Amino acid sequence: MLNSLPCSLLDHPKLKYVFLKRVKPKKHHEIIRMAEICALSQQKTPVDFIVDFGAGVGHLARVLGYGYGLRVCCYEMQPDLNQQAREIDLKLESMAAKHLSQDETRHFQRPVHLTHRLESSTTPEQFLSSIRQALQLTDDNFRFGVIGLHPCGNLGPTLMRMFLGCPQAKFLNFVGCCYQKMTTQATHPREQVHGYPLSSVIKDKNGCQLSYEAREISCHAMEVYHDRLRMGDYQHLRIHSLRAAAERIIVHQFPELRHCALRNVKYSPGMTFHQYFQKAVQGTRFEGLDSRTLSNRQTETDLANWQRIVSFYTLRLMMAPLVESIILYDRCLFLMENDCQVQIEAIFDPRLSPRNHITRAVKP
């Protein structure tokens, strides 16, 4: 089990709101725990700085930099998010100057925000060059850690390859997500690198492929669903029949877009299919579908059979932990094949954060 290393600054009556302002409870929970684990990694495997991939507006980096006094380089491809991050940094520093003594702010480390996109084709040399420039390093005599809070799809495996390819990288902490967006040998046979499988063990088993549907269901946790089934809260589960009916219509009208993402819609009592559909497709090309397309006998049948759809979804959901375990163990084996010490552990409350397993690795 991981130890505890709380950040006292997050309990400050004035500053705690700046650290995590407008952060939803789910993200709040993830950031605090992830920062704590990264600080523990720094204690056990000291490094000169940490690279946070997909840093967004820098919430995690701020907790690490100002809360734990760690130097952080934020690797984010969207310039507007980096600009927002810098503005929040300055606001936090301004608040700290008013409410903390100079001694209390001596350990502060302002994060460095680098606008850059990490591709599967990015070489370790290119990556290290961008880091040296961002942090104004004059040579390669440094050590760093690699972290990622829910890197999407192939980004997780790309972080692992970058970690292995850089001699200066000493520890890796990341929690993956969006497994369905990973490329695989089966879906992209012409590509040289894939998100799955990674390890020689799995690659040698030619039949060990995971379909899009399997990878997609592995992104869901059963805990909340289990709670609702136990409480008899079946009405909220009708949302699955609405989703199924919507997807059937989309696949019929646009077969090439069968895996296109829809918006998440929170169920409310009395919600009609038309109301659900308009919310689910808001901002997509499906918005233009007329009411005649939505109203047909097949849709009425799908909605009437909502209990069968809930039963089927429940059976699918039972397989989710198994599929995710295959993906996680493939990553673990890949890192072990490259002489890393690896740990996989659930660190978040699955009711708040379904993707809650962290992959931690240390290189000699």
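**Salt bridges, a buried arginine and a nonpolar surface patch**

A network of salt bridges links K26, K27 and E30, a salt bridge being a side-chain nitrogen of Lys or Arg within 4 Å of a carboxyl oxygen of Asp or Glu. The model is predicted, so that local features need pLDDT of at least 70 and side-chain atom pairs count only at pLDDT 80 or more, while totals for chains, interfaces and linings use all residues. Residues are numbered from 1 along each chain as its sequence is written, and side-chain values use heavy atoms, with hydrogens and water left out.

E30 is buried, with a relative accessible area of 0%, whereas K27 is partly exposed at 32%; buried means under 20% relative accessible area, exposed over 50%, and partly exposed in between (1.4 Å probe, protein chains only).

In the whole structure, 12 salt bridges are found. One of them joins the side chains of D89 and R62 at 2.7 Å, N to O. D89 lies in helix α4 (residues 79–99) and R62 in helix α3 (residues 59–67), so this pair ties together parts that are 27 residues apart in sequence. Both D89 and R62 are buried. A salt bridge is also formed by E324 and R355, whose closest N and O atoms are 2.7 Å apart. This pair links distant parts of the chain, with E324 in helix α15 and R355 in the loop between β6 (341–346) and β7 (357–362), 31 residues apart. E324 counts as buried at 6% relative accessibility, and R355 counts as buried at 8%.

R215, in helix α8 (residues 212–217), is buried yet has no salt bridge, the nearest side chain of opposite charge, E213, being 7.2 Å away. The side chain of R215 instead reaches the backbone oxygen of Q180 at 2.9 Å.

On the surface, M222, L315, M318, M319 and L322 form a nonpolar patch, for which residues must have over 30% relative accessible area and no salt bridge, nonpolar side chains (Val, Leu, Ile, Met, Phe, Trp, Tyr) being joined within 5 Å and like charges within 9 Å. M319 lies in the loop between α14 (306–318) and α15 (320–337), and is partly exposed, with a relative accessible area of 44%.

Technical notes
Accessible areas come from the Shrake-Rupley method with a 1.4 Å probe; for residues, only the protein chains shown count as cover. Helices (H or I, at least four residues) and strands (E, at least two) are DSSP runs, numbered from the N terminus. Lys and Arg count as positive and Asp and Glu as negative; His and the chain ends are not counted. A polar contact is a pair of N or O atoms within 3.5 Å; within protein, one must be able to donate a hydrogen and the other to accept it, and residues adjacent in sequence count only if both atoms are side-chain atoms.
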